[in-house]
Amino acid sequence: IVTAAGDEDVINTNYPKIPTSIIFNYPPKHLLPNYNKQLRDKLGIPDSKKILLYQGVLHEGRHLKGMVDILKKMKNMTAVIIGSGYLKNSLLKYAELNQVKSRFFIIDAIPYNSLFSLTAGADLGWCVIEPLTESFKYALPNKLFEYAIAGLPSLVSDLPEMSPIVNKYKLGEIVPTYNIEKQIIAIKLLLAKNRKNDIKKTAIKNFTWDVQSNKFMQIILGHN
C-alpha cells in the first residue's frame, strides 16, 4: 500500500511482481474542526496578525527557515509550528537572529485528536517541501489534506504529486521553494481571496478517510 501515484510507479518499476494499491493520507471526517480562537488565545496572537501554520516534524526538507524569512518581510504575519524535531533550537535561534522571535512560535507535538482544534485557528498552511530526495520529490503529505479540512489555503511546492491536486481543487497556490518574493505574492493573493469555506467543503467531499475506507477494507480482505 502506497500513498501516492509516484510511489506506486517506483514500486511497480523496481518490483513488478508485487501488487500495489494507493491509500491517501486523508484525515478522518469525525475530527472535522470549526474555526475557533484556541490557537490565538494559547499564544496571545491578536486578530490583526495573520497566522502561517506548519504542522509536522521539524526535520530537513520542509524549508521551515522560509517561514522566518517571510516574517522578516511581512510585519502583519505570525508563524506557528506544531511539532517536534531536532531543528527546533536552530529555528528559534534563526528567528531571534532575524528579529522576529516575538512572531514565531513552536508548540511541541500534541495528540492527533487534539491537533485540528488548533489547526482551524490559523489562516494559511505551509507545505513547502524541498526535493532533497526521491521520497521528498514525490511527497503527498497528510498535512496538505489536514489544512484543507480545516479550511486553510496552502502554500505548496511545485512537486509532481502535490501541485496537480492543489491546482485541480484550488487548495492554495503553487510557489517556488526558495523564492520568498513570490511566496509573499501568493500569501497576499490567498488572504484576499478568502476561500476558507470553499476549501473546507471541497476537502469534506474529496479528502477524508471516509471516502476510501471501503477501498482499504477491500484491499486488506483481498490480500488475505
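This is a short tour of a strand and its neighbours, then of a pocket.

The model is predicted, so to speak of local features pLDDT must be at least 70, and side-chain atom pairs count only at pLDDT 80 or more, while totals for chains, interfaces and linings use all residues. Residues are numbered from 1 along each chain as its sequence is written, and side-chain values use heavy atoms, without hydrogens and water.

**Stop one: strand 5**

Select residues 154-157, strand 5. Strands (E, at least two residues) and helices (H or I, at least four) are DSSP runs, numbered from the N terminus. Ser-154 and Val-156 sit on one side, Leu-155 and Ser-157 on the other. All four are buried (under 20% relative accessible area, 1.4 Å probe, protein chains only).

**Stop two: the partners**

Trp-126 has Leu-155 as its bridge partner in strand 5.

Now show strand 6, residues 172-175. Strands 5 and 6 are also parallel, over 4 bridges. Ser-154 is bridged to Gly-172. Follow the chain from strand 5 through helix 8 (residues 162-169) to strand 6: this β-α-β crossover is right-handed (clockwise from first strand over the helix to the second, strands pointing away from the viewer).

Select helix 5 (112-119), helix 6 (134-137) and helix 7 (142-149). Each supplies at least two residues of the lining of the largest pocket. Helix 7 gives the largest share, 3 residues.

Conventions:
Buried < 20%, exposed > 50% of the residue type's maximum accessible area, 1.4 Å probe, protein only. Pairing = 2+ DSSP bridges.
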